[in-house]
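Here's a quick briefing to read with the structure open beside you. Take a look at the fold first, then run through the notes below.

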Amino acid sequence: MSRLYLLLLVVIAGAALLGMAIAEHPGYVLFAYKGYRFESSFWFFLGLLLVLVIAFFVLRWVVGLIAASAGVVLPWSQRNRNRRARQAALHGQRDLAEGNWQQALRELTRAAASDQQPLVHYLGAARAANELGEYAQSDDLLRQAREREPKAEVAIGLTQARLLIERGEYRQALAVLQQLNEDHPQHAYTLSLLQKLYVQLQDWPALCQLLPTLRKRRVLPADKLDELEHLAWTAALEKIGKGELKEGETTRGLVTGCWSQMPSSLQHDPDLLYAYATRLRELDAEDEAEAVLRAALKQHYEDRLAYLYGQVRSSDPARQLSLAQGLLEKHPNDPLLLLTLGRLSLVNEQFDKAREYLEASLALSRSAETCAELARLLAQLGETEHSNRLFQEGLKLDRLPALSEPATP
């Protein structure tokens, strides 16, 4: 209350002072322009001026109120257009999330036409059209997005690639991603889609070339990348050279070239060594396969490689047998190594040693393959009854493998 009293006293004092000023001297104001004259007291002119200022602000407020009311009421007003665009965008995104593709397409297309930033609406509408099988409309919406948002090339290109992948148009998607990677190198998500597409297309050489970039950009976790690298190089070795060759190319050259391009850390991997030696054997490069396996086994023993070493028919079988016998000193209870020694002994026509190695292998592991090898050897030695028993056992253990006949003693 004290503030109200103080304000009232100030107003009264101000009015009293103003009245004294007016009574003391009314003042005089004269405006003359050509034949027109306006004259009044100073204080009357000042009051008139104050009234005009107040009237201006009141009129401005009334006009603004009328305009705002018209914006709410008139359907063609900018305010209503913006409101409808926001509602269309909201409903369209909700329908898109719920899988209501037809409604989403309609609402998002409407929102894109009205919004000043239509990119997300065009991309959503393109996806909805793609889900409906309206591929031409989907492509057209992406084209419109490029025209309206030319700086969003990466977002539009990635969306187009994903939609093409969903259609099963992998080659077209690959072309889009390769162009994106060329224009925007080392973009992480582009690289991620590229590697998935290479796996889908089983384009292993291309994936092998992409792997260093994937590792540099850390597109995948280290363990996933190691697994992918192992898969890619193994598959590349197995498949390279099996398609149509270009002029001047040879299968053997492609296989050895693939091996030389492989990271050195992988050239010691047992699976990859096995795959490489197997391809060399398929190409009748037995001596090269023997050299690869011999170097690997000297460095680190693997029973799979020892097993494959017994199937290689190099020009120096005596050296193979000598190496295998040296390995036996450190691995005397490996049935696969003993099977390899039996086979190499047969090649070197050491039949008694072959029988000894094969029987030792069977004592450690009853395998169909070892049964077959020993049975064939016994048949050649004239021990028919024993041979037949082993053949029967091998058939029960597994399907009879395709094996080379032992040399005649």
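What is the mean pLDDT of the protein, and what share of its residues reach 70 or more? This is a predicted model, and its mean pLDDT comes out at 85, with 86% of residues at 70 or more.

**Confidence**

- Helix H14 (residues 286–299) is where confidence is highest, at a mean of 95.
- At the other end of the scale, helix H1 (residues 2–24) has the lowest confidence, with a mean of 69.
- Watch residues 70–77 too: the pLDDT is below 50 there, and the stretch has 11 contacts in the model beyond near neighbours in sequence.

**H4 against H5**

- Helix H4 (residues 101–114) packs on helix H5 (residues 119–131) at an angle of about 150°, and the axes sit 8 Å apart.
- Because of that angle, H4 is roughly antiparallel to H5, and the crossing is left-handed.
- On the H4 side, the residues that meet H5 are Trp101, Ala104, Leu105, Leu108, Thr109, Ala111 and Ala112.
- H5 answers with His121, Tyr122, Gly124, Ala125, Arg127, Ala128, Ala129 and Glu131.
- Sorted by class, this H4–H5 contact has 10 nonpolar, 3 polar and 2 charged residues.

**H12 against H13**

- Here helix H12 (residues 251–261) meets helix H13 (residues 270–282) at about 165°, with 10 Å between the axes.
- H12 and H13 are therefore roughly antiparallel, and H12 passes H13 in a left-handed crossing.
- H12 brings Thr251, Val255, Thr256 and Trp259 to the contact, while H13 brings Leu272, Leu273, Tyr276, Arg279 and Leu280.

**H17 against H18**

- Helix H17 (residues 335–347) and helix H18 (residues 351–364) pack at about 160°, their axes 8 Å apart.
- That angle is why H17 counts as roughly antiparallel to H18; the crossing is left-handed.
- From H17, the contact draws on Pro335, Leu338, Leu339, Leu341, Gly342, Ser345 and Leu346.
- From H18, the partners are Phe351, Lys353, Ala354, Tyr357, Leu358, Ala360, Ser361 and Leu364.
- By class, the residues of the H17–H18 contact come to 11 nonpolar, 3 polar and 1 charged.

**Salt bridges**

- How many salt bridges does the structure hold? The count is 21.

Terms used
Residues numbered from 1 in each chain as written. Predicted model: local features only at pLDDT ≥ 70, side-chain atom pairs only at ≥ 80, totals over all residues. Heavy atoms only, no water. pLDDT = per-residue confidence, 0-100. Helix = DSSP H or I, 4+ residues; strand = E, 2+ residues; numbered from the N terminus. Contact = heavy atoms within 4.5 Å. Axes fitted to C-alpha atoms, helices over the stretch in contact; angles between N-to-C directions. Parallel < 35°, antiparallel > 145°, perpendicular 65-115°, else oblique. Left-handed = near helix turned anticlockwise from the far one by under 90°. Nonpolar A, V, L, I, M, F, W, Y, C, P; charged D, E, K, R; others polar. Salt bridge = Lys/Arg side-chain N within 4 Å of Asp/Glu carboxyl O.
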